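Open the structure in your viewer and keep the selection tool at hand. This tour goes stop by stop.

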Amino acid sequence: MKRFFAFLLGTFLFFGCSNDDNGNGDDGSMDNQAPQGNIDDTVGFTPCENGTAGPFACDGYDLLGRISLSDFGANSGNDIWGWTDSSTGKEYALMGLDNGTAFIDISDTENLIYLGKLPTTTVASIWRDVKVFNDHAFIVSEANGHGMQVFDLTRLRNVASPPQTFEEDAIYTGFGNAHNVVINEDTGFAYPVGTARDDAFNGGAHFVDVQDPKNPVPAGGYGANGYSHDAQVVTYNGPDPDYSGREIYIGANENRIIVADVTDKANPSEIATVQYGNIGYTHQGWFTEDHTYFILGDETDEINFGFQSRTLIFDFTDLDEPVLHHTYLGPTSATDHNGYVKGDQFFLANYTAGIRVLDISDIANSNIVEEGFFDTYPESDTPGFDGVWSVYPFFESGKIVVSDTNSGLFVIRKSD
């Protein structure tokens, strides 16, 4: 998530990828800027052969299709998530743009269908985040006064003349700007984070009951550890018996990881805080599926300290005393961004180095190996904030959707 280039190595290195405008309207829209680093509009299936898929470097992952930012009527891309319609089996990509959220039917990769856009609530912003619960999308942005949009995804079943301009089904106004939103699908609670630092929860987590998606209800919050840039909330089923079945919040709080018990929304409590060496900006992390290890990315350590792409793995066997287990260094110096675990794989959005797929099957023995990649940004692998913003690897079909901040949507899949 990039600050624009004129002040990239100043302001951004302090603030990470948070806007932190306290809702005062730094919309970051780049409305009058052409997307940087755009490539030709290569579309359709392109196999990875001899290390390339068309103009893109690759290893073990084919290009199924792509849609450019110009097709979306946008200047930059950001977050991405996915939705599978349980009634029809169709798969959809939900991609954040500077000026709204795009909905794309990816069921037939020979015919990706851009169904339409839900415009931003207020002004444009290069920061937008979307998650899904109970067939609804929940969307926040750093845009001033944006709140949380709620969109009924079942409406995508019957779009007669795409692309359409949609309206939200509801909007939650318990905060203005927010950097991110997290949802625990087990409990039906959303956790917008990275709101204004001077709000009731210090930019930490707002608790919102979304069990009735179109009628979100405030349920408190947690701000004891300050601003949360990103987080994961799980119903804990890991090796620490003290917290079995509890709702556990793991926050990436700029210069530390925080662990809290948020089961009792009226009385959340800190469990632990975790720090590590050479902190640049504690950005985002994800549990392994057994809730034993937490895999963290620090967004600016490559720039600040000259590391190869650094991924930190923490042992959370004892939630009260997490410890650094292993540090993985990637093959390039590209800046790392969002990462997600699916089974024994970690899918890392690695900005200019594209998507890197790590084999974590032997993580207990500190043995992590890159097994493949797809690089959407062929210009370079240098540190910085061009290229891949995020990845959604959770479709049962094996399709992986990728958002490139400069070039739009990519759909890829592991080669046969």
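The stops below cover a predicted model.

**Stop 1: aromatic rings.** Start with the aromatic side chains. The structure holds 24 aromatic pairs.

Next, select W81, W286, Y340, Y392, F394 and F395. These residues form one aromatic cluster.

**Stop 2: a cis peptide bond.** Go to P162 and P163. The peptide bond between them is cis, with omega near -5°. P163 belongs to the loop between β10 (148–152) and β11 (164–165).

**Stop 3: positive phi angles.** Select N134. Its phi is positive, about 50°, although N134 is not a glycine. Look for N134 in the loop between β8 (128–133) and β9 (136–141).

Now select E254. Here phi is near 75°, again positive in a residue other than glycine. E254 lies in the loop between β18 (247–252) and β19 (257–261). E254 counts as buried because its relative accessibility is 16%, under the 20% cut-off.

**Stop 4: a charged patch.** Finish on the surface. Select D242, D318, D320 and E321, which gather there in a patch of negative charge. Zoom in on D318, in the loop between β23 (310–315) and β24 (323–329). D318 counts as partly exposed, at 32% relative accessibility.

Terms used. Residues numbered from 1 in each chain as written. Predicted model: local features only at pLDDT ≥ 70, side-chain atom pairs only at ≥ 80, totals over all residues. Heavy atoms only, no water. Patch = residues over 30% accessible without salt bridge, like charges linked within 9 Å, V, L, I, M, F, W, Y side chains within 5 Å. Areas by Shrake-Rupley, 256 points an atom, 1.4 Å probe, with all protein chains shown as cover. Salt bridge = Lys/Arg side-chain N within 4 Å of Asp/Glu carboxyl O. Lys, Arg positive; Asp, Glu negative; His and termini not counted. Charge placed at Lys NZ, Arg CZ, Asp CG, Glu CD. Helix = DSSP H or I, 4+ residues; strand = E, 2+ residues; numbered from the N terminus. Buried < 20%, exposed > 50% of the residue type's maximum accessible area, 1.4 Å probe, protein only. Phe/Tyr/Trp six-rings, centres within 6.5 Å; stacked < 30°, edge-to-face > 60°.
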